[in-house]
Amino acid sequence: PGNRSVLLRGAAGSGKSIVLVERLARLIERSPVGQPRSVLVTSFNKDMVRQLARWFTDRMDSVGISRFTRTNRSESCIEFSGVGTGSDQVTFCNWDQAPTRLAGLTLDSHVTHDSVWVREAGSITEELLATNPDFRPLGSDNYAADPEFQLMELRRVVYGLMATTKEKYLEVERTGRGGRGIGRVQRELVWSVIERAPQSTFTHRRIHLLEEAIAGHINGEFTDLFVDEAQDFLPADIECCYALRRGNNPVFMVVD
């Protein structure tokens, strides 16, 4: 490993994740005494997180590095401490746990599930269409009035493209949304619903993490960052990843 960031791209099944583990292993093997590293390996794929941890254990055993402690923080968050001569710590964690377990944010334990959010958004949409003359021309058959579409807007645009204010949402270039045009009045409707619907979904947790990251309130805990299946990460996820590392230390990302 050199002191530079790397993006490794290849076809599914070509061995990219094995390369990630090998690079991580060599990083650990060359870690100097007295300068412990704190490494994060993350992905949205829970099964892959567990598989990477297994491969890492096998790789360490193969070269006789067996002095470490494994702690299962949850089913998909595994920590190895005291690894190698550098007494490094390596955390394998599903990215969904970033706001709480990785960033340490204190959040309301209540979470509104998507089905509840969609139901509430549907009621709010009906009310807005019936009472606000600006929205009546859209009609209930317009896709902007579809709660499922609104939920995706919350995830992919408000959070994903970091359009977390009304001003940003109304103007944001909708990269990755399939080229579907959405006019200003439609955006006004969607934002009005998002603003009034429950603010306690898992996406809202990620929005909170993003806002804290942009404000510089996240203390970078990890010296090194490895991301597998990074094609699943939205721009906001990448921004939050960078906030978790110390300074401008290099990152290693794998994409299909």
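Helix H8 (residues 202-214) comprises 13 residues and reaches 19 Å from its first C-alpha to its last, close to the 18 Å expected at 1.5 Å a residue, the expected span being 1.5 Å times one less than the number of residues. Helices (H or I, at least four residues) and strands (E, at least two) are DSSP runs, numbered from the N terminus. The model is predicted, with local features requiring a pLDDT of at least 70 and side-chain atom pairs counting only at pLDDT 80 or more, whereas totals for chains, interfaces and linings use all residues. Residues are numbered from 1 along each chain as its sequence is written, and side-chain values use heavy atoms, with hydrogens and water left out. The chain averages a pLDDT (the predictor's confidence in each residue, from 0 to 100) of 91, and 97% of the residues score at least 70.

Just after H8, Gly-216 takes a positive phi of about 80°.

For helix H2 (residues 46-62), the 17 residues should span 24 Å at 1.5 Å a residue, which agrees with the 25 Å between its end C-alpha atoms. At the start of H2, a side-chain oxygen of Asn-45 reaches to within 3.0 Å of the backbone nitrogen of Asp-47, and just after H2, Gly-64 takes a positive phi of about 80°.

Note on methods: Polar contact = N/O pair within 3.5 Å; in protein donor to acceptor, adjacent residues only side chain to side chain.
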